[in-house]
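Could you walk me through this model in the viewer, stop by stop? I would like to know what to select next and what is there.

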Amino acid sequence: MPARVSFDYAVLRVVPRVEREEFVNAGVVLFCPERNFLGVRIGVEEQRLRALHPSVDAGLVAERLEAFRKVAEGLADGGPIARLSKRERFHWIVSPRSTVIQVSPVHGGLCESPERGLDELFRQLVLVNVSGAESV
């Protein structure tokens, strides 16, 4: 049985109308330095977004969320931030912002596998009612 390791995570949120402070969970970022793991899972239901703001640009939201994945994975098209260390990229991702994409406070946990931990958090915190919903 693999040893349990600690990790930090935060929830990516879409806030279509910042002034109303209503949001839809749209992803999770998890960082586990002990296993050298940084990962992001993204998925948001367009129907839920439209319930908060009928004219939301779902394509633009998807593009912005994809930027977080590129940074987390250290991809070349993720820009200069994607070239930083995993620790620095995690801290950039979880930095407070007041834009349409926001991030929850950072929380901690324990897991045997950061990959499985990320998948489980994504299922619990983002994929609440996905039956028949369109994903962005």
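Here is a short tour of a predicted model, going from aromatic rings to the nonpolar cores and then to the strands.

**Stop 1: the aromatic rings**

Start by showing the side chains of Phe, Tyr and Trp; there are three aromatic pairs to find. Select Phe31 and Phe90. Their rings are stacked, with 5.3 Å from centre to centre and 25 degrees between the planes. Phe31 belongs to strand β2 (residues 24-32) and Phe90 to helix α3 (residues 86-93), so this pair ties together parts 59 residues apart in sequence. Both of these residues, Phe31 and Phe90, are buried.

Now pick Phe68 and Trp92. Here the ring centres are 5.9 Å apart and the planes stand at 40 degrees, so the pair is tilted. Phe68 sits in helix α2 (residues 58-73) and Trp92 in helix α3, which makes this a link between distant parts of the chain, 24 residues apart. Colour by accessibility: Phe68, at 6% relative accessibility, is buried, while Trp92, at 32%, is partly exposed.

**Stop 2**

**Stop 3: the nonpolar cores**

Next, select Leu12, Val14, Val29, Leu49, Val61, Leu65 and Ile93. These have the most contacts inside the largest nonpolar core, which has 22 residues. At least two core residues come from each of β1 (5-14), β2, β3 (37-42), α2, α3 and β4 (101-103). The largest share, five residues, is supplied by α2. Centre the view on Leu65 and look beyond its sequence neighbours up to four places away: Leu65 touches Leu12, Val14, Ala26, Ile42, Val44 and Ile101. Apart from this core lies another, of 12 residues, including Phe7, Cys32, Phe37 and Phe122.

**Stop 4**

Finish by switching to a cartoon and selecting β1. Seven of its 10 residues are buried, so β1 is largely enclosed by the rest of the structure. Which strands does β1 pair with?

- β2 pairs with β1 in the antiparallel sense over seven bridges; look for Arg13 with its bridge partner Asn25 in β2.
- Strand β5 (residues 107-111) is joined to β1 by five bridges and runs antiparallel to it; Phe7 stands opposite Gly109 in β5.
- β4 is antiparallel to β1 too, with three bridges between them; here Val14 has Ile101 as its bridge partner.

Notes:
Residues numbered from 1 in each chain as written. Predicted model: local features only at pLDDT ≥ 70, side-chain atom pairs only at ≥ 80, totals over all residues. Heavy atoms only, no water. Phe/Tyr/Trp six-rings, centres within 6.5 Å; stacked < 30°, edge-to-face > 60°. Helix = DSSP H or I, 4+ residues; strand = E, 2+ residues; numbered from the N terminus. Buried < 20%, exposed > 50% of the residue type's maximum accessible area, 1.4 Å probe, protein only. Core = buried A, V, L, I, M, F, W, Y, C linked by side-chain atoms within 4.5 Å. Contact = heavy atoms within 4.5 Å. Pairing = 2+ DSSP bridges.
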